[in-house]
Amino acid sequence: MELAVDVIPWPDRDDRPYPLPFHPLEMGEDALRALCGFVLEGLPAPDDVDADAVGLHGFLVRDPGAPDPAVVEAELRARVAAMGPRRTYVVGADGSWVRQGAS
């Protein structure tokens with residue numbers, strides 16, 4: 001595959017030749033298409049894979065010495081229950097906090 005670089009010189013700059021015979025970003029996109037079947041930038045080819053339709057597996061990494069997640073969840077639920085009913089406050093006209101629903 002030929003990846004020639006089209007160098008467009010900037011005005012008032014010296015015309016040094018481009019140091020590489022290819023553009024690294026274009027080479028990266030070509031490699032991504034060759035290895036994975038899609039590109040992230042530029043126009044996709046008609047036979048490219050729809051990258052948004054590819055499902056990915058997720059993994060959860062935990063500290064093996066940490067407590068069991070079920071125990072942590074039970075402790076959290078117990079603490080929330082101990083807090084009592086939810087209380088909501090708004091700022092009153094004088095700038096103080098006023099509990100909503102309180103009579």
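**View 1. The side chain of E29 and the backbone of L40.** The backbone nitrogen of L40 lies 3.0 Å from a polar atom of the E29 side chain. E29 is part of helix α1, residues 24-36; helices (H or I, at least four residues) and strands (E, at least two) are DSSP runs, numbered from the N terminus. Leaving out residues up to four places away in sequence, E29 touches V39, L40 and E41, where contact means heavy atoms within 4.5 Å. E29 is buried and has no salt bridge, and R33, the nearest side chain of opposite charge, is 6.5 Å away. Buried means under 20% relative accessible area, exposed over 50%, and partly exposed in between (1.4 Å probe, protein chains only). A salt bridge is a side-chain nitrogen of Lys or Arg within 4 Å of a carboxyl oxygen of Asp or Glu.

This is a predicted model, in which local features need pLDDT of at least 70 and side-chain atom pairs count only at pLDDT 80 or more, while totals for chains, interfaces and linings use all residues. Residues are numbered from 1 along each chain as its sequence is written, and side-chain values use heavy atoms, with hydrogens and water left out.

**View 2. The salt bridge between D48 and R33.** The closest N and O atoms of D48 and R33 are 2.8 Å apart. This pair links distant parts of the chain, with D48 in the loop between α1 and α2 and R33 in helix α1, 15 residues apart. D48 counts as buried at 15% relative accessibility, whereas R33 is partly exposed at 27%.

**View 3. The salt bridge between E73 and R77.** The two side chains meet at 3.0 Å, N to O. Both E73 and R77 belong to helix α2, four residues apart, or about one turn of the helix. E73 is partly exposed at 35% relative accessibility, and R77 is exposed at 58%. The structure holds two salt bridges.

**View 4. A nonpolar surface patch at V49, V54 and L56.** These residues make a patch of about 300 Å². Patches are made of residues with over 30% relative accessible area and no salt bridge; like charges are joined within 9 Å, and nonpolar side chains (Val, Leu, Ile, Met, Phe, Trp, Tyr) within 5 Å. Accessible areas come from the Shrake-Rupley method with a 1.4 Å probe. V49 sits in the loop between α1 and α2 (69-82) and is partly exposed, with a relative accessible area of 41%.

Notes:
Lys and Arg count as positive and Asp and Glu as negative; His and the chain ends are not counted. A polar contact is a pair of N or O atoms within 3.5 Å; within protein, one must be able to donate a hydrogen and the other to accept it, and residues adjacent in sequence count only if both atoms are side-chain atoms.
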